[in-house]
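Look at the sequence and the model below. Then read on for a short tour.

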Amino acid sequence: MSAAVRAQTIQSLRRQLIASQQKQTDQQIITTGLSAFDAILPQHGLPTASVIEWISENCGQSAASLAFRAAVPMLKLPGCLAVLDDRHQFHAIAAQAQGMPLARLLLIRPTCLGKSSPPSSGSGVRIRQRLSLAENESLWAIEQTARCPGVRVIIAWLDRTTSAVMRRLQLAVERSGVTVMLIRPSAVLSQPSFADLRIHVRSDRTDDLNETRTLVVKVERSRQGLLHEGTAVLRQQPWREQILSG
Amino acid sequence: MKRLLCIRFPNWPVQRLLRQLRNEGNPLTAIAVHTAPARNSPKSGQGDSDCDVQFIRRYYPASLNGPAIIAASMDAWTRGVRPGMPLAEARSMAVPVVRKSSQKRSERRSEKSAQQPTAVEFFEWQPHRDRAELIQTAELLRRYAPIVGLDSVPLPDCLLLDVTGCAPLFGGESSLAESVLRDLRLAGWSCRMAVAGSVAAVRALTHTDSARRLTAVSSKAVSGAHTDARNGRRTPQQLGSAAEMTELPIQIIPPGQHVDELRPLPVEAARLELSDLEILQHLGIRRIGQLLSLPREDLPSRLSDKGVLRIQQLADVIDEDIQPLPEANPIAADWSSDEPASGMNDFRYILQHLTEQLAGQLLRRHVACSRVSCEFRCAAGVTVKLQGSVVKPTQSAELLHEVLCLKLESELTLASLQSQLPVSAVAAASDLSNGSPSTALLLSSPVFAVRLVAVSAPIPPSRQKDLFSRSQHLVPEEELSSLIARLSSRLGSDAVMRVTPQADVRPENSVHCLPLLPPDASEASPGNLDAVLQLLAEPTSDDSAAATCLHPRPVRLLATPIPIASLDVVDGLPRRLLCDGRPFELCAVSAAERLQTGWWTDSPCHRDYHQAVATTGSRFWIFKDLVTGAWFLHGVFD
């Protein structure tokens with residue numbers, strides 16, 4: 001086979017591959033309004049009808065705050081923002097500080113997992129059954145919400161899950177057009193992911209709280225391929241929760 | 001525009017009893033109704049009747065110590081019997097009123113007055129029979145309106161009819177009302193009616209003594225009434241003449257004018273709680289007009305939640321719907337078989353079959369379903385009940401089937417967890433001790449019959465869809481309502497909520513989470529739910545409003561603050577804390593933000609909040625309790 005024919009074949013195969021990857025719903029790209037962050041995103045914005053993982057290096061690193069800040073522009077489209085709060089700790093005022101209107105917020109609180117509350121009395125088997133039931137209910141709720149076209153964005157905290165669940169979420173958002181944002185711990189970085197985007201957030205240590213706090217954001221994985229290896233630095237003003245672009 | 005008819009039966013317990021006695025051939029007119037003695041109080045579990053008894057105990061404190069009068073006929077009233085009076089005192093007071101001066105005048109007027117008045121008869125109050133009779137009376141009125149409901153307050157004495165669009169069928173609203181009045185009088189009832197645009201308005205109009213109209217009474221009747229006022233009693237003749245001159249059994253308020261008609265009425269007609277009425281009395285607020293002119297933002301801090309809701313209903317800000325009474329011919333579907341059913345697969349199949357039947361009946365009757373109740377009849381005659389609700393009334397068999405199956409699955413799973421044995425081996429692990437069999441019975445006992453009953457509701461208005469829109473088949477509000485119904489069925493109605501900010505300095509109380517689908521579906525107002533769904537789903541120009549909070553708040557707020565060990569506090573500031581089971585060394589702590597509540601608050605808060613940064617860069621929200629001096633971790637800036 002000559003080189004020209006080979007190149008032609010590769011091009012046609014590439015076109016077929018792109019066509020097969022075409023989603024069932026129209027995917028839109030919504031800019032976050034944070035220019036430094038948009039610059040490192042593969043399509044210079046966050047896609048709708050996708051699963052996005054926000055990996056928090058540690059607790060208290062503002063990954064969830066950044067997720068809320070990035071989700072706000074998506075609310076220009078119809079649909080609500082659903083927050084799945086299985087630990088019953090979500091404080092809506094903090095999300096409001098990122099520009100999220102509370103009237104568009106749907107709060108879903110499945111059975112409280114035993115993480116933050118002491119386990120109820122009973123045998124170990126019964127406690128494990130309860131935890132398993134609670135996790136199943138959370139996953140079921142995420143999937144049901146992801147299937148609903150009346151929802152625009154879902155934000156949920158998900159520590160551990162299986163690839164089957166992630167695949168089901170992916171299929172659900174492809175049909176419904178919902179964007180699922182999962183806040184996950186750094187332990188999942190070593191695991192494969194079905195997410196469209198995986199974003200790693202960490203904050204720099206600062207000894208002076210009067211100085212601007214910096215968040216370092218890195219895109220670890222993208223289905224469309226990484227734009228470049230750079231990171232974005234976002235600033236968070238003291239005494240204000242709002243995240244500003246670097 | 002909505003039009004509602006309220007029919008009030010004044011002094012309902014007495015009226016019901018008098019009619020019953022007349023039917024029995026007992027022409028008593030002087031009767032009084034009293035509560036039962038404490039040892040004979042109605043058994044618990046009668047639901048609405050319990051509410052009535054509790055209300056009477058709050059309203060008449062004398063009923064706590066023994067039987068007390070709750071209602072008296074006019075003849076008994078003139079003999080000194082008053083509601084709220086202890087029974088023993090009433091019996092002693094129930095002597096004929098004989099005054100020499102008045103007796104001479106009455107002798108001159110008529111022979112009737114000269115006759116010896118009869119003694120007062122006392123009867124025990126039967127709240128459940130009062131309610132049952134009222135519900136039975138509602139059946140007489142089914143032909144006038146598609147929806148007939150009972151008043152939602154304790155001690156109901158009125159019926160509510162939704163006559164929107166019905167007036168032309170009867171030749172106008174006045175003809176309709178006169179026809180209703182005629183039917184009720186033929187049945188032996190006396191009543192007052194009002195037609196207006198809201199439940200609050202019609203109820204207030206019918207429950208107000210026509211004080212305004214007494215100003216038009218002739219001076220003779222007024223002076224006659226005042227003559228006996230020094231004795232504290234009015235004669236029945238004068239009262240009767242005044243009433244006949246001024247009492248209007250039917251009031252019809254033109255559309256859009258009911259709020260103005262409410263303004264001169266007393267606040268007692270506003271269905272407020274007793275505690276709220278006391279507060280308003282202290283503030284000198286006597287009329288509904290004064291109540292409506294109060295600034296709305298201050299009301300939640302002064303009145304109860306229900307009081308605020310009532311005021312909003314009076315002002316027509318919040319819509320209130322009538323909760324329909326179950327029909328004598330309900331929409332129901334039954335299944336029974338000699339081959340019993342067991343297991344989730346059988347139940348799913350049966351429920352699918354029955355929901356299809358229900359949907360067919362809903363279509364034929366041109367109504368929708370907002371709630372469906374399901375009864376499983378197990379062996380030995382035990383019945384297990386379930387209920388499923390939807391956000392918007394629906395005619396869809398699929399949605400009803402899904403809601404019921406989700407409810408059944410979650411109940412069965414919970415029941416199997418609560419028992420000590422695994423799901424497949426549960427046997428009679430039910431709490432029959434309180435008389436209510438739980439769904440655990442379904443796990444072990446075969447089911448021989450299933451019955452579904454639908455609560456009908458008006459079909460919600462359909463939305464015209466854009467044929468040429470790219471997403472023409474999607475209506476976010478309708479999709480959301482289906483999602484909320486499914487989530488509420490499986491997770492519980494209190495698991496799906498909307499959030500509103502609250503003016504409270506305590507961070508844990510700064511937001512109020514309201515279930516979208518109340519546990520008791522009868523409390524759900526379709527109009528309000530539609531408005532909430534629209535707010536949730538549709539973007540508006542106000543969505544980009546900036547946050548008003550000037551101080552940072554953590555995304556994660558712990559339900560219970562975690563104490564920081566005193567050993568970790570050095571030089572008055574904490575240096576180390578535990579979060580999610582891991583230790584964090586703190587390197588910086590910000591200046592304090594003081595949050596304090598007023599001294600009158602039930603659970604006061606005196607705290608100095610700080611942001612604390614750990615060596616890993618993690619940020620926490622900690623506070624020092626100014627009363628105890630202890631440090632706590634309250635939030636994490638996730």
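This report covers confidence, then a helix in chain A, then a sheet in chain B.

**Ground rules.** Residues are numbered from 1 along each chain as its sequence is written, with chains lettered from A and ligands numbered from 1 in the order in which they are written. This is a predicted model, so local features need pLDDT of at least 70, side-chain atom pairs count only at pLDDT 80 or more, and totals for chains, interfaces and linings use all residues.

**Confidence.** pLDDT is the predictor's confidence in each residue, from 0 to 100. Chain B has a mean pLDDT of 79, and 78% of its residues reach 70 or more. For the complex, the predictor gives an ipTM of 0.82 and a pTM of 0.66. Helices (H or I, at least four residues) and strands (E, at least two) are DSSP runs, numbered from the N terminus. Contacts here join residues whose C-beta atoms, placed from the backbone, lie within 7 Å.

| Stretch with pLDDT under 50 | Contacts beyond four places in sequence |
|---|---|
| residues 211-246 of chain B | 24 contacts |
| residues 421-437 of chain B | 21 contacts |

**Chain A.** Chain A has six helices and eleven strands. Of its 246 residues, 45% are buried. Buried means 20 or more other C-beta atoms within 10 Å of the residue's own; exposed means 12 or fewer, and partly exposed lies in between, with C-beta atoms placed from the backbone.

Which residues of helix 6 of chain A are buried? They are Met166(A), Leu169(A), Ala172(A), Val173(A) and Ser176(A). Seen down the axis of helix 6 of chain A, they fall within an arc of 120 degrees (taken from the directions from axis to C-beta atoms), so they line one face of the helix. The face turned away carries the exposed residues Ser163(A), Ala164(A) and Arg167(A). Gly177(A) follows helix 6 of chain A, with a positive phi near 85 degrees.

**A sheet in chain B.** Five strands of chain B form an open sheet in the order 5-6-1-7-8, with mixed pairing. Strand 5 and strand 8 of chain B are the edges, each pairing on one side only. Strands pair if DSSP finds at least two bridges between them. Strand 7 and strand 8 of chain B pair in the parallel sense over three bridges. Met193(B) stands opposite Ile250(B) in strand 8 of chain B.

Notes. Contact = placed C-beta atoms within 7 Å.
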